[in-house]
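Colleague: I'd like to learn how to read pockets and helices in a model like this one. Can we go through it together?

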Amino acid sequence: MFFVLSKILDVLLSPYTWGLAFLVLAVPWRRPRSRTSWKRQRGFGAVGLAVLLVFSLEPVANRMAYRLEHSTTSTYRPDEVYDAVILLGGIGDERVAVETGQPAFNDNVERLVTTHRLLADGRARFTIVSGGPENVDLADSSEARVLGRQITAWGIDPSRVILEERARNTHENAVYSQRIAKERGFEKVLVVTSAFHMRRAAECFAAASMKVDTLAVDFRAHSARSPGGDSWLPRVTFLGESTKTLRETAGLYIYRWRGYGRPLD
């Protein structure tokens, strides 16, 4: 039920949806009965266009993302050899991988690259790759399997790669990984995920009563002090970035409400 609800919220928590809804209200489906009705429709149209414009600007999208990416600090210790590094899914497209026979990675691929580097450099003994299929028909090509195969293809011994193929969200990533870590006796554990997702991930592991260090990667936003100016031209790319940030922020509070996440000290 929670999985279905999360997909519905993905649609509702979108500036595109908001803007489109106001524009629909602005359409004169019938002849306005009064001047007040006409003004109201024009107002809806203006609000709809304003929403789409504002969230399509780089300064807006970037500032929102920067604040989220830096809402928590990585606790990774370079001098530590971890028992395991947990790689969270959300990196590939299972359907494309099945159709083409090749892995299909998205912008979060730095999670995978960093995990491999930690294993190759001896900074972690094992990795727990967490990510189950969204569709049961793709169970044989779960994200955990695809990522695990890629890690071993880069030269890591398969015995060091532990697959967790049940999790469909961050809460389940934490719960199932905690069980594996407990069974294996792993005490020093590192979680690797994208910067925008790290706050929610860390809170989920805290709620699962699992003490972990964290390493955020995939930083995409720059500070206001960064050299070079922002573009003030509206672009669909920035609208997508704004949407991703809003969804992740909403997910953080929804997880807390559900008890899946525990605010960090």
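Colleague: Which elements each supply at least two residues of the lining of the second largest pocket?

Modeller: Keep in mind that this is a predicted model. For a pocket, go through the lining and see which elements it comes from. Here helix H9 (195–207) and strand E5 each supply at least two residues, and H9 gives the largest share, with 3 residues. The pocket has a volume of about 360 Å³. Among the 15 residues that line the pocket, Ala202, Ala206, Val212, Leu264 and Asp265 are the closest to its centre.

Colleague: Is Thr214 buried or exposed?

Modeller: Buried counts as under 20% relative accessible area. Thr214, in strand E5 (residues 213–217), has 6%, so it is buried. Beyond its neighbours within four places in sequence, its contacts include Tyr76, Leu190, Met198 and Ala202.

Colleague: Now helix H8: what span should its 15 residues have?

Modeller: At 1.5 Å a residue, H8 (residues 170–184) should span 21 Å, and its end C-alpha atoms are 21 Å apart, so the two agree. At the start of H8, a side-chain oxygen of Asn169 comes within 3.2 Å of the backbone nitrogen of His171. After the helix comes Gly185, with a positive phi near 75°.

Colleague: What covers the buried residues of H8?

Modeller: The buried residues include Tyr176, Ile180 and Ala181. The cover for the buried set includes strands E1, E2 and E3, along with H9 and helix H10 (236–258).

Methods: Residues numbered from 1 in each chain as written. Predicted model: local features only at pLDDT ≥ 70, side-chain atom pairs only at ≥ 80, totals over all residues. Heavy atoms only, no water. Helix = DSSP H or I, 4+ residues; strand = E, 2+ residues; numbered from the N terminus. Buried < 20%, exposed > 50% of the residue type's maximum accessible area, 1.4 Å probe, protein only. Contact = heavy atoms within 4.5 Å. 1 Å grid on protein atoms, 1.4 Å probe; cavity = no way out; pocket = protein on both sides within 12 Å on 5 of 7 lines; lining within 4 Å. Points joined across faces, edges and corners; volume = space filled by probe spheres on them. Expected span 1.5 Å × (residues − 1). Polar contact = N/O pair within 3.5 Å; in protein donor to acceptor, adjacent residues only side chain to side chain.
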